[in-house]
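Colleague: Could you take me through some of the labels used for this model, and the cut-offs behind them?
Modeller: Gladly; here is the structure.

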Amino acid sequence: MSDLTDLLLKKPLTDEVLRGLLFVTFALHLLFVLLTIGTAVISFFHFLHALWRNQMQELRWDREILKTFLGHKSLAVVLGVAPLLLIQVGFTVPFFTAVNLFAPFWMLIIPLLIISFLTFDYLGHRVNTRPYAHLVAGTVSLLLLLTVPGIFVAVLMTVEDPGSWVKVIRDGYRLRGDLAFHWLFRYLHVLGAALVFGAVFHYFLTSKEDKEKKHYLMHWLVTGMLLQFVIGALLLSSLPGRPRGMVLAFISMGAMAGVVMLLYVFQKAYGKGSLGMGTTIPLLAVLFVFMLLGRQFIQDLRLLPFQKVLEGNASAYQDKLKPYEGQALSHYLSSLNVSVSSGEWIYQQSCAFCHGENADGKGEEAGNLTVPPEDLTAVRTTRSNLRKIFSEGVGGSAMPYFTVFDREKLESLTDYLHGLYHILDAPGPIPVQISAKAVEEANKQYAGICSGCHGLDGNGTGISRSFKPGPPDFTQYSLTPQRAFTVITNGYPGTMMPPFRTLPEEVRWGLVKVVNDKRKQ
Amino acid sequence: MNFPIYQVPYLGNGMLIALDAVLHVIISHGLAIGAIALAVLSEYIGMKKSSEEWERFAREFLRFTVIITTGVGATTGVGIWFITSALSPRAIGSMLRVFFWPWFIEWIVFTLEVITVLIYYFTWDRWKAARKSQHIFVGLGYVVFACVSAFLISGILGFMLTPDGWPWDKRLTSALFNLTLLPQFLLRLAISFALGSVFAAAYVLLTKRSVDFRGQALRFFGGVSFVSVCALSINGWWYFRTVPSPFISFSRFSVLTSRFSMTPELLYVVNAIGALVLSLFVFFAFRRSALAARLLVVPALVVSFGFVAEFERIREFIRGPYLMPGYLYANQVLITERTLFEKEGMLTHTPWYKAVAAPGDDITKGALLFAQNCSACHTIGGINDIRERLKGRTEDGIFVILPHTNRMVPYMPPFAGTDEERRTTARFLYQVAQRQIALRAPSRYVPMSGRAGHE
């Protein structure tokens, strides 16, 4: 997809500052995400443990841990705003494209979070009532919560791999083979980190002087760290391309900090001592920062060259659009300074391109239509019939309905048409003398031929009402005599109305009279 | 265009965003600003009156509010962003480039909001007696941060309707300090306190309280409601007076929609009934009539939510054809691209078309042109169904109307493409309206053309 372009508006900050801010804010966000997940997992398993042993009084401690969930999750959400902003500004096309490819799953994150947050807060505030209801609610909301990082990992993997996009949109996202392993290890690596961070947080901040709790959390910490080494190694091996240079250096430093920390924790665990905050937190911080640096560099190495291509394309596209800017802006400016409520404005904007500026049916688009637009200067009808046409259109013709305007606007359009073209007037007298015999002949012709479609009363027949377009209803709709004469003589193109030019002229005028006499209103 | 298109089946993109956003506005205004401010005020009253009941009410009301705000309010707020990221990437991406620094500052303010409200919530039992006023001060700090948030976001929302000089000078100051910033900010504050006081009164009525306290609290929150609704009316009038008249002209239609546009009386009747219900509730609350207020509390809440939805609907609708006025149309076509596409074609400038579709397949072309030009608002078979809109039209009728949509209906963006693309789109739409074509994957506009596939 090398012909994609970046957005055309300038980036508001330099790439270096952007990447620096992205690193710092993402680290803060991830920290609280890990604490949120860690807190949820640890408190849930503690609850299970207590339930299994039937030691319900222990659930009070569950509450101690889970109470902090409210803070963790609130901060996790709010801190996520900055990295989301920065990645959308810095890697606009890769990020939005991946998100679009995952659209339903990506949007699903919101209800998943809402349900699991509300349930966990509910559990945190009212523990010690019905344990089995808690078991069900806890299981469901934990599963929902754990789905979220899975979606994020898949989205980020797609962000980093522009080469896969066309395949994804063509065949759907398929998590198979190497891709599946990479996703799995990356996801588990997040969960492992959540255990480690959750355990350390609660070890120092919520267990106070309780030896048993500290012991329990130490188990979680050791398990989490051992898992992280295994999963981390697997993740490293599943990376597309061997890590080199800076990436390798960062990850090695992180791993070293991890080894030191593991040794320290082991020593304390075997010596029955307790962990010191002054040693544990700095070690964990160093580990976290180096690992995240490694992650960011892997991502940058893959995306920066592509980003350069996108930005080059954008500046070329910008130049291409430059000539059209003046015209587009003046069009925009003029759209701000019109009164869009007047009947005249509606006519000129919505009707004139077919019916013509002078309503003679000769608008710029008239030539493109099989059924020509009506000459409105010749139409004589009623307000209620116009209302019907405006709200339904004329089926089988180009005439659309106009309920896109509210009633007042359409009434003002009617007033405009009447003011200029007398559309609500009666059809008026026949301009020529016709003999009684010709009228009699015309009546005969109407009854014999015309009424087949127009009906004896002039409002159509069962069959003709299904024509598209159908015949006009003569009881409510007429044309000026001259125009009616023209239609009878030449027919109406594109409709079932044939020409009757073989009838004597006087009879055709007679027909005009017959037809216009059917008007009731 | 530059991004693939996804449309939410049945609901359409706009409706999904609207549902999420209205929920967010109700919580962020009514609870996060209004209710928490009133909880702080209640705590203050409790301290001044040395009233155990006011203190207890403030504490419990805050707990309810904090859980809903952090659990649903914040997530639905991020939700608006998540949904638009997936559905209108070019618009949200461009907006973020314009408003990067205000949004970055907003991140800091958001974070401070969360930190202060957490401190306020978790120190309630610990900071007592001598430290009580300090505790109230923290609550007040939260309210100030929340108002700063509302100010920044009003600037961004105002830009989407009245961008002032920005389309010409592209300067952040023109974009942020736009014409409707101040009236909209004050309007939103008034909405916050009006909603917050209705929530507070509802909480008093629906939880167990002594008769004496309930009377006091109802009178107090009834009074707050009255003042806020007055402020809301004044600021609402100011706001709608500031918006340019061509936009305002479609406000009535925006609520009625084409379904009810021929019976505008309906709008006035429904709004009058809503206003009456709300006024009666406020009146009875102020008169301390618990029974009458209790009967009206649920209708009053529903009516308030309805008014919020109505206001947001009008504001979103009347900006009409633009997502960023003077820059980007609602269908994510740049205003400058319109002329380019008329000359060179939209599909030639759509990398996804070239990468994915088989050249020469008219149905695929038509589907893609529809997706890019129309699917921001119209669905096939869902809300605002294009098949209903084109019912009875001829193919040449559709062809003729396409280039004039923006003139005919000023809130619709123009069709952007060559005459040949216009012909292709008209044929596709005609066949869709006649039910001759169905879609295989509606959300991506992959047509079932009877051939093996579109690849």
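**Labels and their cut-offs**

Modeller: Let's start with Arg56(B), which counts as partly exposed because its relative accessibility is 36%. Buried means under 20% relative accessible area and exposed over 50%, with partly exposed in between (1.4 Å probe, protein chains only). For background, this is a predicted model, where local features need pLDDT of at least 70, side-chain atom pairs count only at pLDDT 80 or more, and totals for chains, interfaces and linings use all residues. Residues are numbered from 1 along each chain as its sequence is written, chains are lettered from A and ligands numbered from 1 in the order in which they are written, and side-chain values use heavy atoms, leaving out hydrogens and water.

Colleague: What makes Glu60(B) and Arg56(B) a salt bridge?
Modeller: Their side chains meet at 3.3 Å, N to O. The term asks for a side-chain nitrogen of Lys or Arg within 4 Å of a carboxyl oxygen of Asp or Glu, so the pair at 3.3 Å qualifies.

Colleague: Why are Glu60(B) and Arg56(B) separated by about one helical turn?
Modeller: Because they are four residues apart in helix H2 of chain B. Helices here are DSSP runs (H or I, at least four residues), numbered from the N terminus.

Colleague: How do you know whether Glu43(B) is buried or exposed?
Modeller: Its relative accessible area is 0%, so Glu43(B) is buried. Glu43(B) forms a salt bridge with Lys132(B), with the closest N and O atoms 2.6 Å apart. That pair links distant parts of the chain, 89 residues apart: Glu43(B) is in helix H1 (residues 13–49) and Lys132(B) in helix H5 (residues 132–159), both of chain B. Lys132(B) counts as buried too, because its relative accessibility is 7%.

Colleague: Why do Arg338(B) and Glu342(B) get the labels they have?
Modeller: Arg338(B) has a relative accessible area of 17%, so it is buried. Glu342(B) has 37%, so it is partly exposed. These two also form a salt bridge, with the closest N and O atoms 3.6 Å apart.

Colleague: What makes Val259(A) part of a nonpolar patch?
Modeller: Patches are made of residues with over 30% relative accessible area and no salt bridge; nonpolar side chains (Val, Leu, Ile, Met, Phe, Trp, Tyr) are joined within 5 Å, and like charges within 9 Å. Val259(A) has 41% relative accessibility, so it passes that area cut-off. The patch is formed by Phe229(A), Val230(A), Leu234(A), Val259(A) and Leu263(A).

Note on methods. Accessible areas come from the Shrake-Rupley method with a 1.4 Å probe; for residues, only the protein chains shown count as cover. Helices (H or I, at least four residues) and strands (E, at least two) are DSSP runs, numbered from the N terminus.
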